[in-house]
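Trainee: Could we go through this model together? I'd like to know what stands behind the labels.

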Amino acid sequence: MKIATWNINGIKARQENLVRWLEMASPDIVCLQEIKSVDENFPAPPFQDLGYHVETHGQKGFNGVALLSKKAPEDVQRGFSDGHDDDQSRYIEGVFSVKGGVIRVASIYLPNGNPVDTPKYPYKLAWMERLKALAKERLSLEEPLVLAGDYNVIPRPCDCHDPAVWAGDALFLPQTREAFSELLGLGLYDAVAGADEAGGQYTFWDYQAGAWQKNNGIRIDHMLLSAEAADRLVATSIDKGVRSWEKPSDHVPVICQFDCDWA
């Protein structure tokens, strides 16, 4: 089973690229972020024609997350269920039947948090606390869990081309990295970091200043796995070549392959 995450940066602008990539990579489940579309306007037919079931949690012009899967989920949760009002669409979770039980997969678009001297940064940290509470609850189920998405967190200095450039950015501030570390401390496994401890494995290159051509990237798209999912992990990869396509997203897909089959 192949599970992928990709911040598509606008589904309408990137629809053809997504179709092309799905035909090439054939993932079983895809977690999309920044679809920038309300649910009723999401262009589902081209993906359904490829055999994908589509679940969205959209928002007009901003944010928005989706799950594309070769098999329909047994259950879907949109947003957190912690009683807090939140008009930003940043979390969708699906439960899928597999041989021997279920696998729970979430698509996450964590707040950016910039500028840090505005309410956006406290909102980011509070959102991370809410995610940590949800992750703790999910981990107590002791089932395969994949929390995938654009976390807008650079976990380590080796996850960016130049730490000095990012020193004052919400993605790299000590409080941000500590909150991410606390999330991992619950028992989640960082699949990309685990595959290459040396770093330099980037998932995002800005459109400006020739970042892609200079490989001035950062790693902010993460696949965090419960122990039950990590035990089934076979391989992790970053599909960097997609960044060179025409009209690309500034993010690229991250893929985990698991020793797991549909029921």
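Mentor: Here is how some of the labels follow from the values.

Mentor: First, this is a predicted model, where local features need pLDDT of at least 70, side-chain atom pairs count only at pLDDT 80 or more, and totals for chains, interfaces and linings use all residues. Residues are numbered from 1 along each chain as its sequence is written, and side-chain values use heavy atoms, with hydrogens and water left out.

Trainee: What is L184 in contact with, leaving aside its neighbours within four places in sequence?

Mentor: D190 and L224. Contact means heavy atoms within 4.5 Å.

Trainee: How do you know that α1 has a kink?

Mentor: The bend at a residue is the angle between axes fitted to the seven residues ending there and the seven starting there. In α1 there is a kink of about 35°, centred on N17. The span is worth a look as well: the expected value is 1.5 Å times one less than the number of residues. For the 15 residues of α1 (11–25), a straight helix would span 21 Å, but α1 spans only 18 Å between its end C-alpha atoms. As for the label "helix", it goes to DSSP runs of H or I with at least four residues, while strands are E runs of at least two, both numbered from the N terminus.

Trainee: Which residues of α1 are buried?

Mentor: Among them are I11, N17 and W21. The cover over the buried residues includes β1 (2–7) and β14 (254–258).

Trainee: Which residues does a cis peptide bond join?

Mentor: N114 and P115, with omega about -5°. P115 lies in the loop between β7 (101–109) and α3.

Conventions
Buried means under 20% relative accessible area, exposed over 50%, partly exposed in between (1.4 Å probe, protein chains only).
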